[in-house]
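Subject: Structure handover

Dear colleague,

Please find the structure below, for you to keep open while you read. My notes on it follow.

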Amino acid sequence: MTQPHTPKGLLTGITVIDLTRVLAGPYCTMILADLGARVIKVEVPEIGDDSRHIGPFIKEQSAYFMGLNRGKESIALNLKQPKDRAILEGLLEQADVVVENYRPGTMEKLGYGWDSLHERFPHLIYAAASGFGHSGPYMEKPAYDMVVQAMGGIMSVTGQPDTPPTRVGSSVGDITAGLFTAIGVNAALYDRATTGQARKIHVAMLDSQVAILENAIARYTATGDIPGPIGSRHPSIAPFQVYTSANGYVVVAAGNDVLFHRLCDTLELPALKTDPRFLTNNDRVENVTDLTQALEVPLMTQSTEHWIALLEKNGIPTGPINNVAQALSDPQVLARNMVVQSNHPIAGTVRMAGNPIKISGIEDPTTRKAAPLLDQDRDAIIKFAKAGQPDKMSP
């Protein structure tokens with residue numbers, strides 16, 4: 001299969017029909033596009049993906065949409081119209097994967113549920129991301145990121161103690177679902193290559209939140225205590241948190257006894273190494289308030305920059321609290337090509353996050369194909385679809 005305007009990658013030769021919108025689904029298909037797949041985005045005529053109308057905007061173009069849909073192609077189809085359905089079916093005949101993030105039951109109402117598609121297109125992998133998945137009592141409920149962050153427990157362990165519930169600053173409800181869906185698609189492609197069988201994948205945003213609770217689940221199952229928010233510190237390791245310096249904050253992560261002793265020497269606090277409150281990691285966790293107070297006595301006498309330089313010199317994991325501008329200008333972030341840009345025909349140069357998956361022998365370009373305008377690639381996509389349904393489409 002040809003891949004116009006798509007950089008080569010491990011998924012070169014794979015075509016994905018993208019029926020998704022907003023965040024969870026588009027995040028999944030963005031990953032697949034970054035890995036080399038041809039992603040054909042099917043959108044609602046005149047309106048397009050809902051995220052085209054979500055700000056901020058650059059020359060009336062959504063920066064939110066452009067950041068999630070780079071490298072894709074767009075065609076507008078009304079799936080209630082026979083002619084447009086024929087185009088979609090031609091695409092499905094040619095494609096390897098279809099991804100959707102409708103509420104469960106919607107695809108069945110359109111006549112494109114898994115059972116129907118699998119019978120007609122047995123080679124086609126079907127991937128669905130939704131709020132609650134395709135089973136269970138909540139299956140048909142609508143969901144947004146905020147809802148699943150709240151229900152999945154992550155908000156209960158985020159923020160400072162004795163404060164109102166705090167949403168994680170990034171939309172981890174959607175993003176984790178997109179990531180798990182992309183993982184599932186890649187596993188299904190491998191399975192199809194070895195068995196010849198296509199599979200259905202359905203990922204729930206709520207499930208994805210539970211899956212990333214890690215330490216909180218371990219603590220609850222081990223102790224019966226329900227975890228709550230504890231600010232920046234780690235619940236099971238100390239010292240491992242944000243500390244106050246003379247001009248701001250500094251992160252210190254001394255995750256074992258060797259690093260703790262090295263930290264004590266660096267801060268000229270040798271007595272802490274033999275203090276019975278701090279002899280082991282468990283001791284330090286149980287007495288974390290006392291430990292924090294002891295460490296901040298010297299830390300508050302010098303700047304963040306001073307301590308980062310000294311801690312790094314002594315091999316102690318540390319770092320500043322960067323804002324977004326600082327993170328995007330960090331030399332390590334830039335060296336890893338984690339800030340890329342596209343040249344949009346209307347918005348101009350648009351900067352966005354790069355692809356964190358670095359693969360030997362695969363180019364990681366600094367520029368990417370811009371997100372498409374609505375219906376931008378119609379002619380090329382219809383030409384591609386005709387090979388699948390040549391008798392149902394007008395020229």
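This is a predicted model: local features need pLDDT of at least 70, side-chain atom pairs count only at pLDDT 80 or more; totals for chains, interfaces and linings use all residues.

The strands under discussion belong to an open sheet of 6 strands, in the order β5-β2-β1-β6-β7-β8, and the pairing is parallel. At the edges are β5 (73-76) and β8 (200-204), each of which pairs on one side only. On average, neighbouring strands of this sheet are turned by 20° against each other, with direction ignored. In general, the strands of a sheet pair through backbone hydrogen bonds, in either a parallel or an antiparallel way.

Two of the pairings can be given in more detail. β2 and β5 run parallel and are joined by 4 bridges; in this pair, E43 stands opposite A76 of β5. Strand β6 (residues 97-100) and strand β7 (residues 125-130) are also parallel, with 4 bridges between them. Here V98 has Y126 in β7 as its bridge partner.

Which way do the residues of β5 point? E73 and I75 point one way, while S74 and A76 point the other way. Although β5 is an edge strand, E73, S74, I75 and A76 are all buried.

There is also an open sheet of 3 strands, ordered β13-β12-β14, and its pairing is mixed. β13 (348-353) and β14 (367-368) are at the edges with a single partner strand each, so one side of each has no neighbour in the sheet. Strand β12 (residues 339-344) pairs with β14 in the parallel sense, over 2 bridges. Q341 is placed opposite T367 in β14.

Next, some backbone points to check in your viewer. The peptide bond from G55 to P56 is cis, with omega near 5°. P56 sits in the loop between β2 and β3 (57-58). A cis peptide bond also joins A238 and P239, where omega is about 0°. P239 belongs to the loop between α9 (215-223) and β9 (240-244).

For D162, phi is near 60°. This residue lies in the loop between α6 (145-151) and α7 (172-195). Is D162 buried or exposed? D162 counts as exposed because its relative accessible area is 83%, and the cut-off for that class is over 50%. For E214, phi is near 25°, and the residue is in the loop between α8 (205-211) and α9. E214 is exposed as well, since its relative accessible area is 56%.

S245 is in a loop too, the one between β9 and β10 (249-253). With a relative accessible area of 5%, S245 is under the 20% cut-off and therefore counts as buried. What is S245 in contact with, once its neighbours within four places in sequence are left aside? The contacts are L299, M300, Q302, S303, T304 and W307. M107, by contrast, is 138 residues from S245 in sequence, and the two are 55 Å apart in space, C-alpha to C-alpha.

Last, the figures for the chain as a whole. The protein chain has 395 residues, of which 45% count as buried, and it contains 16 helices and 14 strands. Along its principal axes, the C-alpha trace spans about 85 × 45 × 40 Å. Taking contacts between residues at least 6 apart in sequence, 67% join residues at least 24 apart. The chain exposes about 19500 Å², and carbon and sulfur atoms supply 56% of that. There are 35 positive and 41 negative charges, and the mean positions of the two sets are 6 Å apart.

Regards

Methods
Residues are numbered from 1 along each chain as its sequence is written. Side-chain values use heavy atoms; hydrogens and water are left out. Two strands pair if DSSP finds at least two bridges between them. Axes are lines fitted to C-alpha atoms, for helices over the stretch in contact, and angles run from 0 to 180 degrees between N-to-C directions. Buried means under 20% relative accessible area, exposed over 50%, partly exposed in between (1.4 Å probe, protein chains only). Contact means heavy atoms within 4.5 Å. Accessible areas come from the Shrake-Rupley method with a 1.4 Å probe; for residues, only the protein chains shown count as cover. Lys and Arg count as positive and Asp and Glu as negative; His and the chain ends are not counted. The place of a charge is taken as NZ of Lys, CZ of Arg, CG of Asp or CD of Glu.
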